[in-house]
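Colleague: I'm new to this one, and I'd like a close look at a single part of it. Could you pick one spot in a loop and walk me through its surroundings, then step back to the rest?

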Amino acid sequence: MPEKCRVGVCGFDPMLVRGYLKTGERGLWWHMSDELYEELGVKPGTPVSGKILAIYDCEAKKVASPNDAFNWKTSKESGLAVLLPPEVISKYKLTAFHFLELLIEKIGDKEVYPGKEQMSMKWWPDAKMKLDYKVGYIE
């Protein structure tokens with residue numbers, strides 16, 4: 001079964017992300033679990049596919065339950081960070097002050113935990129989703 005996880009979105013100031021959306025450069029990303037990274041030997045540029053189950057804002061409020069499939073690439077440096085494409089950032093108005101609940105099904109051509117029960121190796125705790133500082137999405 002795939003890995004279900006809740007991750008914090010990482011990235012740049014929303015004003016910079018706004019510019020990066022136009023150029024196609026990396027603006028936002030999330031980090032996969034160390035266990036998956038090591039077990040599957042993830043390399044830079046490896047595709048990661050699955051589903052976006054939920055999106056939470058910086059007050060721990062669920063703002064979307066898209067259940068959309070995704071196929072994103074890992075960063076070119078280490079492969080530990082998974083890059084969010086510009087169209088996803090703009091569609092959901094994401095910032096580095098959001099959290100994603102994901103189901104990771106495949107990394108490269110390898111299924112995640114085939115034949116095993118669903119595992120949650122990386123789960124951002126509810127209490128730490130309420131941020132004191134926040135900056136909203138900039139159109």
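Modeller: Let's go to T74, which sits in the loop between strand 6 (68-73) and strand 7. Keep in mind that this is a predicted model. Is T74 buried or exposed? Its relative accessibility is 3%, and buried means under 20%, so T74 counts as buried.

Now follow its side chain. The side chain of T74 reaches the backbone nitrogen of G45 at 2.9 Å, and that of T46 at 2.9 Å too. Leaving aside residues up to four places away in sequence, T74 touches a list of residues including M32, V42, K43, P44 and V48. A81, V82 and L83 are also among the residues T74 touches.

An open sheet of 3 strands has the order 2-3-7, with antiparallel pairing. Strand 2 is joined to strand 3 (residues 28-31) by 2 bridges, and C10 has W29 as its bridge partner in strand 3.

Stepping back, the protein chain has 3 helices and 9 strands. Buried residues make up 40% of its 139 residues, and T74 counts as one of the buried ones. Of the chain's contacts with a separation of 6 or more, 73% come from residues 24 or more positions apart. As for overall size, the C-alpha trace spans about 40 × 35 × 25 Å along its principal axes. The radius of gyration is 14 Å, which agrees with the value near 14 Å for a compact globule with 139 residues.

Methods
Residues are numbered from 1 along each chain as its sequence is written. This is a predicted model: local features need pLDDT of at least 70, side-chain atom pairs count only at pLDDT 80 or more; totals for chains, interfaces and linings use all residues. Side-chain values use heavy atoms; hydrogens and water are left out. Two strands pair if DSSP finds at least two bridges between them. Helices (H or I, at least four residues) and strands (E, at least two) are DSSP runs, numbered from the N terminus. Buried means under 20% relative accessible area, exposed over 50%, partly exposed in between (1.4 Å probe, protein chains only). A polar contact is a pair of N or O atoms within 3.5 Å; within protein, one must be able to donate a hydrogen and the other to accept it, and residues adjacent in sequence count only if both atoms are side-chain atoms. Contact means heavy atoms within 4.5 Å. The radius of gyration is taken over C-alpha atoms; the globule rule is 2.2 Å times the number of residues to the power 0.38.
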